[in-house]
Structures are given as C-alpha cells and as structure tokens.
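Have the structure open while you read.

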Amino acid sequence: MRHFVALDKKWGHINQSTFPLPVLGPILRKRSWEIHYEYGFLIVRGLTPSEYRSEQFMILHAGISSWIGSQRAVQNGNTSREMNVALHIMDHDLLKIRALDPNRFVPSSNTNAAMPFHTDSGDIISLAYTQLSQTGGEVRVASSGTVINMLQTENPKVIETLRQPYPWHMVGNNPETAYHGLLHDTMGKDGLPKTILMMERRPFFGDQKCPRPKWLPELSGEQKYALEAIERVASGCCHTIKLEVGDIVFLNNLALLHARPSFVDSNLDPAAKQHAIRIVLRDWQNGWDIPPALQQRYHTMFGRIAHADEEDWQVTPYLWDNDLQHGYMAEAVKAPTLHVKIRTRTAYLFVIPLISSEF
C-alpha cells in the first residue's frame, strides 16, 4: 500500500504493477487459477480491525484483489454517469428509511433479509468484510455443476427449460437482447468445456423500483418451476462459509451460486453492522470465454471505462438504487486494519499468510 500511496495516483490505477506484492503476489496468482478452475472460491484471512482508515482498507482490498482479477467492473447500470467499482453491502435499516420515505425502494442487499441462491454479473465476486453481524449473514455457496447434474438426473425437462430463452429485464435491455436462457456453454483457458448457470430473480419477477416492462411476457409455469428447482437443489448441496472479521472472500460467479441467510446486527453497538465491500473482477489470463448471450452485459460492466482515472470509489456506504445500483450517501461505517495471522490450508479454505512488510 505504501508503494501505491507514494505514487499519488487515483485508485483506478491500482493494479499488480502499482501494488507490488513480491511474496504474496505469486501465491495469489496461483490461487486465481484455482478459483477459476479447481475450487471455485478463496478466503484471504488474517485481516483484523485496527488503525487503518476506511480509505486505506479499500486500497488494500483493491490491491490484493488485483492479483486475483486484472480488471474491475463498473457496478451501476449503463444509464448512469457514475463508474462505481465498489459497492457496500449492509443493512440500512428498512424501517427508518421507509419512515422518511414510504416509497423508497431498498434492495435486499441493503437489508438484513435472507437472499436466495443467485449469481451476480461478472466472473469473480470479491467481498471484504469489515464488520460481522451478531448472528446470521454467512455466505452459502453451491456448485453450479453439481446443481445442473442433480437436476439432469432428477428431471431432465428442467435442464431443457433452462436452456430455452427466458425474458430477462436488465438495465439497458431491449427486445433484441432480452431473451436468452440460464445455461450457457463456453470454454475455459484449461481447454475444457464449461456450462455457466446465470440465476437471478429480480429480472424475472420485477420489484417496486424496477417493474417488468409490458413488452416482456410473464414466465411460464415450467420456467417458474425450474427456478424453484434450482433453489431447492442448491439449498440441499451447499457449503456454508463461516466468516471472520477482515475476511476477503473470492467467489467464481460463473461456477458457483451463492446465498445468504438473514442476520441480526449487534443491538449494543450501532456501529457494529455487518458490512461487506464488493468488487467484481475479471482476469484476462484466467477468465472463461464469454458466451454471446452475455457479451452485452459484460460490455456494460467491463467495457465502459476508457481510462483508469474514470473509476469512482465511494468510501462512505450508500444505499443502492436498484435500477442503476447507486444512490444517496448513508452514514459512514468505520473499516478495519490488517495484521498478520498465518493459518492452514484445507479443502475449502485457503488462508494466505499475509506479509505485513508488503503493505
């Protein structure tokens, strides 16, 4: 971090060259391949709250994650002038917001509600946890391949349905780009075929802020049943990631579904709210090929920034506006610092020995 800060550049310039990690970097590059082609997720553990300021923690998160994925996505809709590359996931207290504005939409990611199994957009989802809830809020992951195989064995008709065009409602969609299936065949850099399962609920059912347009038809009974089948099967074969404060979790969004149970923040310390900072990544060296049906979505996320200076970084948590995924500023929550703690490696958990001198 000291190296990058000394360069006096905007945060969009954070990359492997400007954030050098001579010891940790090569380890993270190897782990990047494993996230893409072996285990599907990684936890960098050993970061604990201490003296770092919020902006310093975000620089560390951006720097470490740049060794996993070389490109960051814009995380707001393509009609916004903002180029936010970091989003804050936390409970903004739905009741207080509705008391001020009864019509204000609050996405589930800005509440403490449970979130069903889904995928986001992009290759790798990076979640840095600066605070944890008192109870609940763990990350649950399920292998998309396992879900597909189980559905194929249980009811092949569901797989056929998922390959048929679904009417998606996404920001920037039009009748020519709104229809595609949930399953997409592609290739990986390992030379092997892959099947991507893209699973979301809001694009099919709408919500208060983003009702489905009239030109999009309702889902058929078979399509609704297939979505329910994905949730049921994923719930039965998932793995729960037990979080610790300071964890940075990397998820292969093309190979995993993820979900979250509801959570309760501490009622003793109002500042101790579960808080994750999300960065979405793609790696030019390890990334899977993008299927034609998803190329517009990827261009919206990864093709809009012409120069690193254009990246926007909001240090202060803010409420998402679901159609553009950006909104007004909310009260700041302190982020933590880092220290070194060496842990061991297991089949699901890769804990990197952080080298404090490199920061």
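**Notes on a strand, a helix and a loop residue**

1. V141 stands opposite H239 in β12. Bear in mind that this is a predicted model. The strand pairing here is antiparallel: β7 and β12 (residues 239-241) are joined over three bridges.

2. β7 has another partner in β14, also running antiparallel, with four bridges between them. If you want a pair to click on, take R140, whose bridge partner in β14 is A259.

3. Now for helix α5, which spans residues 144-154 and has S144, V147, I148 and L151 as its buried residues. These sit on the same side of α5, because they cover an arc of only 100 degrees around the axis. Turn to the face pointing away from that buried side and you'll find the exposed residues N149 and T153.

4. What do the buried residues of α5 pack against? Quite a list: the strands β7 (139-143), β10 (183-187), β11 (193-197) and β14 (256-260), plus the helices α6 (156-163) and α8 (221-236).

5. Have a look at the N-terminal end of α5 too. S143 caps it, with a side-chain oxygen 3.3 Å from the backbone nitrogen of G145.

6. Finally, T119, in the loop between β4 (115-118) and β5 (124-131). Is T119 buried or exposed? T119 has 0% relative accessibility, so it counts as buried. Setting aside neighbours within four places in sequence, T119 is in contact with L197, M198, M199 and E200, and also with N253, L256, L257 and H258.

Methods: Residues are numbered from 1 along each chain as its sequence is written. This is a predicted model: local features need pLDDT of at least 70, side-chain atom pairs count only at pLDDT 80 or more; totals for chains, interfaces and linings use all residues. Side-chain values use heavy atoms; hydrogens and water are left out. Buried means under 20% relative accessible area, exposed over 50%, partly exposed in between (1.4 Å probe, protein chains only). Helices (H or I, at least four residues) and strands (E, at least two) are DSSP runs, numbered from the N terminus. The arc is that of the directions from the helix axis to the C-beta atoms. Contact means heavy atoms within 4.5 Å. A polar contact is a pair of N or O atoms within 3.5 Å; within protein, one must be able to donate a hydrogen and the other to accept it, and residues adjacent in sequence count only if both atoms are side-chain atoms. Two strands pair if DSSP finds at least two bridges between them.
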